[in-house]
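Subject: Structure handover

Hello,

I am passing on the structure we discussed.

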Amino acid sequence: MIKWGRVLLFLVVVAMLATLMTTTTTQVAGKITLGLDLQGGFEILYVVEPLEPNQKVDIELLKATARMVEKRINIGGVAEPVIETELPNRLRVKIASNEADQDKLRDLIGKPAVLTFRDEGGKTILKGSDLAPGGAAVGYDELRRPVVTLKISDPKKLENVTRENLGKHMAIYLDETMMTNPVIQNIITGGNAQISGDYTQESAQELADLLNSGAMPAKLIEKQVTSVGASLGKLALQKTINAGYVGAALIFIFMLLVYRLPGLIANIMLATFTYLSIVVLHWMDATLTLPGIAGFILSVGMAVDANIITYERIQEEIRTGKTILSAFRAGERRSLITILDGHITTLIATGVLFYFGTSSIQGFAIVLAMTIVVSLLTNVLGSRLLLGLLVRANLIKKPFWFGVKESEIGEL
């Protein structure tokens with residue numbers, strides 16, 4: 001007897017997935033951030049020079065400077081910069097950003113951000129290194145105007161400085177720019193100071209972030225700035241998308257011809273897999289780059305493979321003469337370990353790539369790991385649930401619907 005409740009549930013699930021995908025895919029995909037190789041941006045070549053006469057420019061100093069440059073770029077809100085060290089003394093910075101951001105970002109990167117407190121004679125009496133970790137923050141004065149508050153790690157040191165300079169000016173400089181020059185009217189015992197000025201909430205936060213990131217460990221000399229066009233460009237990217245449509249169509253046709261009803265289920269879940277991967281990329285606020293697209297394409301192959309392994313096992317069981325339900329149960333059980341082994345070993349590989357790789361390789365690893373997890377949910381769990389609904393509904397009883405000829409049954 002056909003169990004129409006299961007058939008109805010199958011149709012409702014498919015209808016809901018189809019409605020969700022057709023109504024939201026374009027909107028979600030349009031919100032994904034594109035990396036430098038897809039969006040375009042600019043490239044800056046810096047020469048790294050020592051701050052002190054006895055300082056040596058080596059690979060460790062280059063790496064430390066590169067880490068500080070990345071912090072500065074993050075302050076500017078730019079996604080996934082590419083920072084390459086080039087021996088003996090160069091850094092190449094690639095930033096995906098529109099032209100309006102270039103001057104702001106170049107200023108953030110090139111600024112040494114050396115904070116000093118100076119007395120009336122111009123002598124440095126406190127340095128930025130005296131700040132407590134995360135000691136710069138945004139606060140407000142008595143008129144609710146934004147200021148930058150500073151927390152000194154050793155309050156006693158600030159107390160001694162203010163005691164010695166009571167009634168005198170103590171200027172606060174960022175590099176060689178005087179930020180404020182107040183008169184010390186009281187001895188400061190709590191280790192707190194502030195920089196006041198004509199700040200907005202945004203500019204005050206940017207200055208606080210800059211101070212918290214620390215000073216540059218070396219001097220950066222800007223040698224070359226090059227605008228980088230998108231390596232694919234809008235036309236090439238559209239061609240890539242069109243190629244994806246053609247590839248997906250060929251996969252769908254193959255699955256339908258070879259596996260029939262299970263192939264239809266696989267196609268539904270492959271579309272769901274693609275949609276959910278795009279949604280998760282958006283939720284992660286991830287940046288999509290060419291290596292990321294490569295990771296996604298690889299995961300599509302693994303998703304198809306997971307379905308094929310399961311359906312081949314089911315076909316083998318049907319050929320031994322088992323009923324459709326028995327063959328389905330045995331096939332999904334026999335294939336599960338093989339599928340999990342492949343996915344888990346790939347996840348381990350992505351972990352290694354992420355730990356040891358550069359930013360581009362890490363982007364590839366993140367996208368691949370995310371899509372593997374989504375594939376397990378859709379092309380393993382989801383495919384089995386949908387196919388199980390139809391099999392257990394007793395709607396499909398002929399081997400033909402599973403790509404098996406009657407003449408093949410009993411041959412194994």
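The notes below go through salt bridges, one serine, a surface patch and an annotated domain.

Please keep in mind that this is a predicted model.

Salt bridges

Side chains of opposite charge can pair when their charged atoms come close. Across the whole structure, a search finds twelve salt bridges. Three of them are described here.

Arg 334 and Glu 317 meet through their side chains, with 2.5 Å from N to O. Glu 317 is buried because its relative accessible area is 6%, under the 20% cut-off. Arg 334, at 39%, is partly exposed. The pair belongs to a network in which salt bridges with shared partners join Glu 316, Glu 317, Lys 322 and Arg 334.

Lys 94 pairs with Glu 84, and their closest N and O atoms are 3.6 Å apart. Here too the two residues come from distant parts of the chain: Lys 94 is in strand S4 (residues 90-95) and Glu 84 in strand S3 (residues 82-86), ten residues apart. Glu 84 has 30% relative accessibility, so it counts as partly exposed.

The salt bridge between Lys 156 and Glu 159 has its closest N and O atoms 3.8 Å apart. Both residues sit in helix H5 (residues 155-164), separated by three residues, or about one turn of the helix. Lys 156 is partly exposed at 48% relative accessibility, whereas Glu 159 is buried at 12%.

Ser 299

Ser 299 is part of helix H9, which covers residues 290-319. Its relative accessibility is 1%, so Ser 299 counts as buried. The side chain of Ser 299 reaches the backbone oxygen of Phe 296 at 2.6 Å. Beyond its neighbours within four places in sequence, Ser 299 is in contact with Phe 273, Leu 368 and Thr 371.

Surface patch

Which residues make the nonpolar surface patch of about 600 Å²? They are Ile 344, Ile 348, Val 352, Tyr 355 and Phe 356. Val 352 lies in helix H10, residues 324-356, and counts as partly exposed because its relative accessibility is 43%.

Annotated domain

An unreviewed UniProt entry places "domain: SecDF P1 head subdomain" at residues 123-218. Over residues 123-218, the chain is 24% helix and 34% strand. The end C-alpha atoms of that stretch are 22 Å apart.

Regards

Key: Residues are numbered from 1 along each chain as its sequence is written. This is a predicted model: local features need pLDDT of at least 70, side-chain atom pairs count only at pLDDT 80 or more; totals for chains, interfaces and linings use all residues. Side-chain values use heavy atoms; hydrogens and water are left out. Helices (H or I, at least four residues) and strands (E, at least two) are DSSP runs, numbered from the N terminus. Buried means under 20% relative accessible area, exposed over 50%, partly exposed in between (1.4 Å probe, protein chains only). A polar contact is a pair of N or O atoms within 3.5 Å; within protein, one must be able to donate a hydrogen and the other to accept it, and residues adjacent in sequence count only if both atoms are side-chain atoms. Contact means heavy atoms within 4.5 Å. Patches are made of residues with over 30% relative accessible area and no salt bridge: like charges are joined within 9 Å, nonpolar side chains (Val, Leu, Ile, Met, Phe, Trp, Tyr) within 5 Å. Accessible areas come from the Shrake-Rupley method with a 1.4 Å probe; for residues, only the protein chains shown count as cover. A salt bridge is a side-chain nitrogen of Lys or Arg within 4 Å of a carboxyl oxygen of Asp or Glu. UniProt positions are given in the numbering used here, feature names are shortened, and annotations may be inferred rather than shown by experiment.
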